[in-house]
Amino acid sequence: MGTVTIGVSIAVPEPHGSLLQERRAGFGDPAASGIPTHVTLLPPTEVDRSALPAIETHLMEVAAAGRPFSMRLSGTGTFRPLSPVVFVQVVEGAEACTWLQKQVRDASGPVARELQFPYHPHVTVAHGIDDEAMDRAFEELAEYEAHWPCTGFALYEQGPDGVWRRLRDYVFGGAVVPPQATHVHRGPLPAC
């Protein structure tokens with residue numbers, strides 16, 4: 001059956017997701033068009049395709065144990081010089097993200113793995129581009145603010161073209177929603 005590269009993340013909803021993806025592209029990040037705006041829970045991980053049903057069952061269990069929480073982004077940060085990344089900071093919801101990523105990567109589960117760096121929830125807005133563009137991203141988004149109620153997370157697969165595509169959404173409380181159903185706008189987001 002072969003292997004696939006998967007990731008698990010919290011999608012940054014509209015209009016914030018598109019705006020940050022456009023800004024990332026505008027800073028010259030060539031990966032921007034293939035990476036939906038997100039907060040990572042499981043970084044790119046190669047798995048055997050036959051393991052996907054067990055992974056999906058595991059993610060349903062994690063979602064069933066989760067509860068909605070407020071997410072708020074504010075200002076920028078960077079991992080430089082350790083890693084060439086500029087990001088928008090998660091200033092509310094970080095503890096919940098940390099708990100979720102631990103559950104996703106739990107040693108008893110099908111995607112147990114160690115991380116290269118300590119977990120730090122964030123939204124990447126520039127990665128691996130020249131220093132001047134990284135500085136511009138850091139400065140231009142320094143006042144950026146967004147908030148929304150986080151109600152779940154998603155499983156993604158990276159295609160052979162390098163583009164990440166959402167496979168399934170997992171809503172806290174245990175529901176699984178097809179990806180196309182999550183893009184319906186149902187009015188303004190409640191204040192967090």
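How many residues does the hairpin that joins β3 to β4 pass through? The hairpin runs through six residues, and helices (H or I, at least four residues) and strands (E, at least two) are DSSP runs, numbered from the N terminus. This is a predicted model, in which local features need pLDDT of at least 70, side-chain atom pairs count only at pLDDT 80 or more, and totals for chains, interfaces and linings use all residues. Residues are numbered from 1 along each chain as its sequence is written, and side-chain values use heavy atoms, with hydrogens and water left out.

Strands β3 (residues 69-78) and β4 (residues 85-92) run antiparallel and are joined by five bridges; two strands pair if DSSP finds at least two bridges between them. Here Gly77 faces Phe87 in β4. β4 is also joined by five bridges to β5 (residues 122-127), again in an antiparallel arrangement, with Gln89 opposite His122 in β5.

One cavity of 30 Å³ or more was found in a search of the whole structure; on a 1 Å grid over the protein atoms alone, a cavity is a set of points where a 1.4 Å probe fits but cannot get out, and lining residues have an atom within 4 Å of a point. The largest cavity holds about 60 Å³, with grid points joined across faces, edges and corners and the volume taken as the space filled by probe spheres set on the points. Its lining includes Leu20, Ile35, His38 and Val123. Helix α1 (16-26) gives the most to this lining, with three residues.

Key: On a 1 Å grid over the protein atoms alone, a cavity is a set of points where a 1.4 Å probe fits but cannot get out, and a pocket is an open set with protein on both sides within 12 Å along at least five of seven lines; lining residues have an atom within 4 Å of a point.
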